[in-house]
Amino acid sequence: MKLKNNIIVLLAVMLFLNSCSTDRAVTTTPKNYKYLALGDSYTIGESVCATCRFPFQLKDSISKYLNPNDTFQVKIIAVTGWTTTNLKSALVADVTGNDYDLVTLLIGVNNQYQHKPFSLYEQEFPELVISAIQKAKGDKNNVIVVSIPDYAFTPFGNGNAVVSAEIDQYNNFAENYCNANNITFVNITDITRLGLAQPEFVASDGLHPSATAYTKFVERILPKAKSKIAD
């Protein structure tokens, strides 16, 4: 009987120790992820609500895959009307650090709209990508470049073929640069080219993407962003 009791006690101790070990295994330290969104009106979300712009929709989508105690902070450096030059200046002045887990860059439409020389974009876009990498802990794998929407397919743009051709020129340069340097590039331009056929993709101002369009952007960006956060 004494031996049987000892065996029962030993088994109970082993079960307790195993339970403690399992509890330690599943306990995770909360993480604070930081996301920096760089750009212009398409990043700040002109004419849509604050939580409707794509960086915040992306945050909400990624958060579904994080542990419950993790946090996900979003910082936006973007202003309607900014060219590559404006964004460069803003990044020089920014002192928030270089510890972002994810950085997105969407810039160039105002270079086209303001008729800046294309050579300016050829010079400054690569410089901005380098700055984005610096912000992303110096790791280009944490950076996503997003293509420029085509505002020709809005009531404001009225189907202007010249605008579309010039937007293609900008996007082709950006995509080729990213491919040559192994930087993630996500094309969302075709989504915006549905704007005249599907008015729900255009915001109330008749120019910028709607919240619905930004949701479509996020569907494209999310798989890439999620893998970078997971890494």
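Which exposed residues does the face of H7 turned away from its buried side carry? Point 4 gives the reply.

1. **Ground rules.** This is a predicted model, in which local features need pLDDT of at least 70 and side-chain atom pairs count only at pLDDT 80 or more, while totals for chains, interfaces and linings use all residues. Residues are numbered from 1 along each chain as its sequence is written, and side-chain values use heavy atoms, with hydrogens and water left out.

2. **Overall layout.** The protein has nine helices and five strands. Both are DSSP runs, numbered from the N terminus: helices are H or I with at least four residues, strands are E with at least two. From the N terminus on, the order is α-β-α-α-β-α-β-α-α-β-α-β-α-α. Of the 231 residues, 45% are buried. Buried means under 20% relative accessible area, exposed over 50%, and partly exposed in between, with a 1.4 Å probe and protein chains only. Now take contacts (heavy atoms within 4.5 Å). Among those with a separation of 6 or more, 76% come from residues 24 or more positions apart.

3. **Helix H7, length and ends.** H7 covers residues 161-180, 20 residues in all. The expected span is 1.5 Å times one less than the number of residues. That makes 28 Å, and the end C-alpha atoms are 28 Å apart, so the two agree. Asn160 caps the N-terminal end: one of its side-chain oxygens lies 2.9 Å from the backbone nitrogen of Val162. Asn182 follows H7 and has a positive phi, near 55°.

4. The buried residues are Val163, Ser164, Ile167, Tyr170, Asn171, Ala174, Tyr177 and Cys178. They cover an arc of only 160° around the axis, which puts them on the same side of H7. The arc is taken from the directions from the helix axis to the C-beta atoms. The face turned away from this buried side carries the exposed residues Ala161, Val162, Asn176 and Ala180. What do the buried residues of H7 pack against? Their partners are helices H5 (109-113), H6 (118-135) and H8 (189-192), plus strands E4 (143-146) and E5 (184-186).

5. **Strand E1 and its partners.** Seven of the eight residues in E1 are buried. E1 pairs with E2 (residues 71-78) in the parallel sense, over eight bridges. Two strands pair if DSSP finds at least two bridges between them. Tyr33 has Phe72 as its bridge partner in E2. E1 also runs parallel to E3 (residues 102-105), with four bridges joining them. There, Leu36 stands opposite Val103.

6. **Lys34.** Lys34 sits in E1 (residues 32-39). Is Lys34 buried or exposed? Its relative accessibility is 17%, so Lys34 counts as buried. Its side chain makes a polar contact of 2.9 Å with that of Asp99. A polar contact is a pair of N or O atoms within 3.5 Å; within protein, one must be able to donate a hydrogen and the other to accept it, and residues adjacent in sequence count only if both atoms are side-chain atoms. Tyr100 is 66 residues from Lys34 in sequence, yet their C-alpha atoms are 4.9 Å apart.

7. **The nonpolar core.** The largest nonpolar core has 61 residues. Such a core is a set of buried Ala, Val, Leu, Ile, Met, Phe, Trp, Tyr and Cys residues joined through side-chain atoms within 4.5 Å. Residues with the most contacts inside it include Leu38, Leu87, Leu105 and Phe125. Helix H9 (residues 211-230) gives the largest share, eight residues.
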